[in-house]
Amino acid sequence: MASKNPALGELREQISELDNELIQMLAKRQALAKAVAENKQGSDLPLRDIEREKHLLGQHVQKAQSLGLNPRFVTRVFHTVIEESLRTQRHTLQPPLKAARVAVLGGEGSYSAEAAKACFADSEHQLVAGQQFADVVRLLRQGEVDYAVLPIENSITGAISPVYDLLRDGDLYIVGEHYLPVRHTLLAKPGATIAGIRRVLGHPQALAQCEHFLQENRLPLRYCDSTSEALKTVAGSDEALAVIAGEEAGAKLGLTVLADKIANAADVETRFIVLARQLQSVAKAVQAKSSLLFCTWQRPGALVDVLQVFRDRGINLTRIESRPMQGEPWQVMFFVDAEGNVESETFVDALQAIARCTRLVKVLGCYPSERLPPAQVPVAVLAQSEQQDTAAAPAPVSAPVKSNKAWKLASRAHKPEDTVIEVGGASIGGNGFIVMAGPCSVESEQQIEQCAEWTARHGASVLRGGCFKPRTSPYAFQGLGLPGLDLMKAAGSRHGLPIITEVMAPEQVDAVAQQADILQIGARNMQNFSLLKAVGQCHRPVMLKRGLMNSVDELLQAAEYILAGGNQQVMLCERGIRTFETATRNTLDLSAVPVLRALTHLPIIVDPSHAAGRRDLVEPLSLAAKAVGAHGIIVEFHPEPEKALSDGPQALYFEQFANMMRKLHA
Ligand SMILES: C=C(O[C@@H]1C=C(C(=O)O)C=C[C@H]1O)C(=O)O
C-alpha cells in the first residue's frame, strides 16, 4: 500500500510514531498516579481529588482550544485517562480480588460469566455454574467456591428482586461491584429469519429488557434458567428457535445474529455484585460504597427517621429498594447502598443511630466504588460564562405584590429560589447562562453531525434541531420526523450534548421523550392545552415558547398547566411577539425577561433567531438577552444557510456563530 503511495506511507509512519510516544507517556502517567496513591495512603488523604481533576481538565481544555482541538474531545480523553488512573490507584491500595473458584448463573455464555471474568481479570479462576440464583448462593455458602457473582440491578428494568431476596439472610457479604454493558441480540441457527421463528428463549431478565422488540414482532417466549442454557438449547435443537444473548456467546455455538441491539433502550447496563462469606475491609483512602439492610417499626415517620440519619451525617444514598419480609405479610425490608466506608467514624455513628430507630439493621458489605462521576468541567469558554460575574448581572426586579390564583406553582410565592434544571451536564437557571444551538431543522445525518460538532466546539451546551416542523404553509418542509430525531440523538451523543426538539401533538410526546432531553412547545402551541397536559405528565424538561400574541400572564398560565400536571422542569422562552412594527419579523420583548424573573422561579431563555428573522440581528439581541438577565439563548446556525430547508435567512453562518460565542463569553 505504502509503496504505491509513498506520501501516505510517510504520514502514517509519523502517526504511528506519535501513537507510540502517547502510549509511553500514558505509562509514565500511570506510574506517577501509582506513586501518588502510595503517598496519599501515608498522608491519610482520599485517593480522589475532584478539585484537582477540575483544575487539570480546565487547563487541558484551554490548551486544547488554543491548538484548535475540540475541547469536548479533549475532556473525553482525559476523563478516560483519569478513570484509569483512579483504577490503578485503587488497585495499589486495595489489591483486586483473587479467586480460585467463582460461582455464576449458567456458566459460560451467560452475562454473569462475562461479569465474573471482568471482576477476576487479575487471577486464574474457574467458573462454577449454578442453575438458578439460589444455587449460586448455595455453592458459596457451602464453601465450594470463594466468591459468587450475581446481577442485582439493570438500568432499564431496575432491581433484580430474586437476588435481593437471597441477601435477606445476611450471612453473605458484598465485596465488589461491576457494571456490565449488555448488548442483547436475537440469535438463531444460520439461515433462520425473524418471521420463521416459533419461540424465543432467554432468561426472564433478558426477555424483559427486550420486551418492546418481542411484542412488536409478536414472538412467543420460553423462559430458561440462564442465558447459557437458552443458548445451548437453541444450538442443539432442530426447531425454529431463537435466543436473546450477546453476539459473542452465540458465535461460539455457531449461532448468527437475526437482530442487533434489541433492548428497550440504547445503552443497557447491568450492575453485578460479588459476594463472599466474609465482610471485607476497604482501605480508608479508597472511595467505597456500603450496603445495608434495615426494617423499620410500624409508626409514622419511621422511614424518615432513618433517612434523617444519613442526611445529618452527609451520607449520600445511591439506591434504596424495598422487598417483602418473609413470614410477615405486608412488612418490608429496605436495602440501601450508601457512599462511604462502614468502618469510618461517620458510618459507625450512623449505624448506631439507625439501630436506635429500627427493628433490625445489618451491614451487607463494603466495597470499592467502581463508578465515580467524572469531574465536570465546562469547556473553557463555558467556564467563563457559567460563572457569570454577579457584579455585572442585572439587579433583581421586585415582583409586583399580587396574589395570583391563575399561576400558583410558577410563582415566586410558591418557590422563592430559582429552579435550576439539570440536563445532560448542563445547568439551566440560577446564575448560569447557557447556549442552545443548532439548525432550524434536522435535514440529514451529515448536516446535524456538522452542527453538533460546531455546537460542542464553541462551548454551547445543548443541541437544537427541529424534526417535526410547524410551518405556516402546508407545502413547506415538514421535518424528517422520528428518523430525524434518531440522527440528532446520535450526533448529540457523539459530542456529549443533550438535545432539544419540538413536539407538536400529544400523541407524539412519548416517542419524542424517548430520545429528546428537552421537549420544546412552539409558540403556536403555547395554548394547546391537551399538549401542555401531555408534557405535564412527562419526565423530560420542557421549554415553553411564548405565543406570538400572548401576554406574560398568559405564558405563565400555560406553564402552570405543565407544572400542575406534575412536571416541575419547565423553562420559558421569549421569542418575539407580533406588534405594529415591521422592521423585524417579530418584536423581541426583552423587557419580559426581568419581568418574568421577578414573577417566576422558572428559567428564562431568549430566542433571538425567530424574533428577528434576520441573522444580522442575532448577535446584538443575544448579547442584550444576557445583559437583561436571561438564563440562556437558543439560536440557529446552518453549514449553508442559503440551502437551508427552513428559516435560512435567520441562520447564522458557522463563523458568525463562533464569533458571537466569543463575544458572549468575553
Ligand atoms: C493523581 C492524583 O489522584 C487522582 C487522579 C488524578 C489524575 O489522574 O490526574 C487527579 C486527581 C485525583 O483524583 C492526584 O491527586 O494528583
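## Helices α17 and α18

Helix α17 (residues 529-536) and helix α18 (residues 552-564) are oblique to each other, because their axes pack at an angle of about 40°, and oblique covers what is left after angles under 35 degrees (roughly parallel), over 145 (roughly antiparallel) and 65 to 115 (roughly perpendicular). The axes are 7 Å apart. Axes are lines fitted to C-alpha atoms, for helices over the stretch in contact, with angles from 0 to 180 degrees between N-to-C directions. Helices (H or I, at least four residues) are DSSP runs numbered from the N terminus.

This is a predicted model, in which local features need pLDDT of at least 70 and side-chain atom pairs count only at pLDDT 80 or more, while totals for chains, interfaces and linings use all residues. Residues are numbered from 1 along each chain as its sequence is written.

F529, L532, K533, V535 and G536 of α17 make the contact with A558, Y561, I562 and A564 of α18, where contact means C-beta atoms, placed from the backbone, within 7 Å. Seven of these residues are nonpolar, one is polar and one is charged; Ala, Val, Leu, Ile, Met, Phe, Trp, Tyr, Cys and Pro count as nonpolar, Asp, Glu, Lys and Arg as charged, and the others, Gly among them, as polar.

## Helices α14 and α15

The axes of α14 (residues 445-457) and α15 (residues 482-494) come within 9 Å and cross at roughly 30°, so α14 and α15 are roughly parallel to each other. Their crossing is right-handed. On α14, E445, I448, E449 and A452 meet L487, M488, A491, G492 and R494 of α15. This contact has five nonpolar, one polar and three charged residues.

## Helices α11 and α12

For α11 (residues 302-312) and α12 (residues 345-357), the axes come within 9 Å and cross at roughly 170°, which means that α11 is roughly antiparallel to α12. D305, V306, V309 and F310 of α11 are in contact with A350, A353, I354 and C357 of α12. Seven of the contact residues are nonpolar, none is polar and one is charged.

## Ligand shell

Around the ligand are A33, V36, R48, D49, R52, E53, L56, I82, S85 and L86, each with its C-beta atom, placed from the backbone, within 6 Å of the ligand. The elements α1 (6-43), α2 (50-66) and α3 (71-93) each give two or more residues to this shell. By class, the shell has five nonpolar, one polar and four charged residues.

Terms used: Two residues are in contact if their C-beta atoms, placed from the backbone, lie within 7 Å. A crossing is left-handed if the near helix is turned anticlockwise from the far one by less than a right angle, and right-handed if clockwise.
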